Amino acid sequence: MADLVSGEASESDEELQDKNKIFAAEVSGEASEEDDEDIYEQRRSSNQVNSTASIYRNNLLQRKLIENNIAIWRSLTAFTRSFVLNASKQLVTTDQMLIKSQLSLQSAHTSLQQAQKNAQDLQTRVAAVITSNFLPHINIQKAT
């Protein structure tokens, strides 16, 4: 790759294209694994593989980064899924308890209305008994 000197204009478009490419060296002593499918490439369908995927091939650092990123993504997804599932279970349980409480309150309201009606009937009957004459009026004359 030709070195670019700051302040000078580039002589060709190839030099600008080379700046956007990622260059990485393979670790010495590591076997080349051209035949193995890359984790990065497994995520893509065969018609969507682009030139970026070929840059990541045979690069141990990039493979490890991709594997770690996938592991982080999976653990974050699992954490989120378990959090949402637990929260939804708690909401369902709370909703069921609220429905039971509502039924109990409706039953208690009905019973209290019936008790109030019975108390009013009792009050009316007691008032009728108190105001009625059980004994006739008796005139008692004083003896002199």
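A residue counts as partly exposed when its relative accessible area falls between the buried range, under 20%, and the exposed range, over 50%. Lys64 has a relative accessible area of 44%, so Lys64 is partly exposed. This value comes from a predicted model.

## The salt bridge

How many salt bridges does the structure hold? The structure holds one. Its partners are the side chains of Glu67 and Lys64, at 3.8 Å from N to O. Side chains of opposite charge can pair when their charged atoms come close.

Where do Glu67 and Lys64 lie? Both are in helix 4. They sit three residues apart, which is about one turn of the helix. Glu67 has a relative accessible area of 33%, so Glu67 is partly exposed too.

## A nonpolar patch

Which residues make the nonpolar surface patch? Leu76, Phe79, Phe83 and Val84 do. The patch covers about 450 Å².

Take Val84 as one of these residues. Val84 lies in helix 4, which runs over residues 60-131. The relative accessible area of Val84 is 49%, so Val84 is partly exposed.

Now for the record. An unreviewed UniProt entry carries the annotation "coiled-coil region" for residues 105-132. In the predicted model, this span is 96% helix and 0% strand. The C-alpha atoms at the ends of residues 105-132 lie 40 Å apart.

Methods. Residues are numbered from 1 along each chain as its sequence is written. This is a predicted model: local features need pLDDT of at least 70, side-chain atom pairs count only at pLDDT 80 or more; totals for chains, interfaces and linings use all residues. Side-chain values use heavy atoms; hydrogens and water are left out. UniProt positions are given in the numbering used here, feature names are shortened, and annotations may be inferred rather than shown by experiment. Helices (H or I, at least four residues) and strands (E, at least two) are DSSP runs, numbered from the N terminus. Patches are made of residues with over 30% relative accessible area and no salt bridge: like charges are joined within 9 Å, nonpolar side chains (Val, Leu, Ile, Met, Phe, Trp, Tyr) within 5 Å. Accessible areas come from the Shrake-Rupley method with a 1.4 Å probe; for residues, only the protein chains shown count as cover. A salt bridge is a side-chain nitrogen of Lys or Arg within 4 Å of a carboxyl oxygen of Asp or Glu. Buried means under 20% relative accessible area, exposed over 50%, partly exposed in between (1.4 Å probe, protein chains only).
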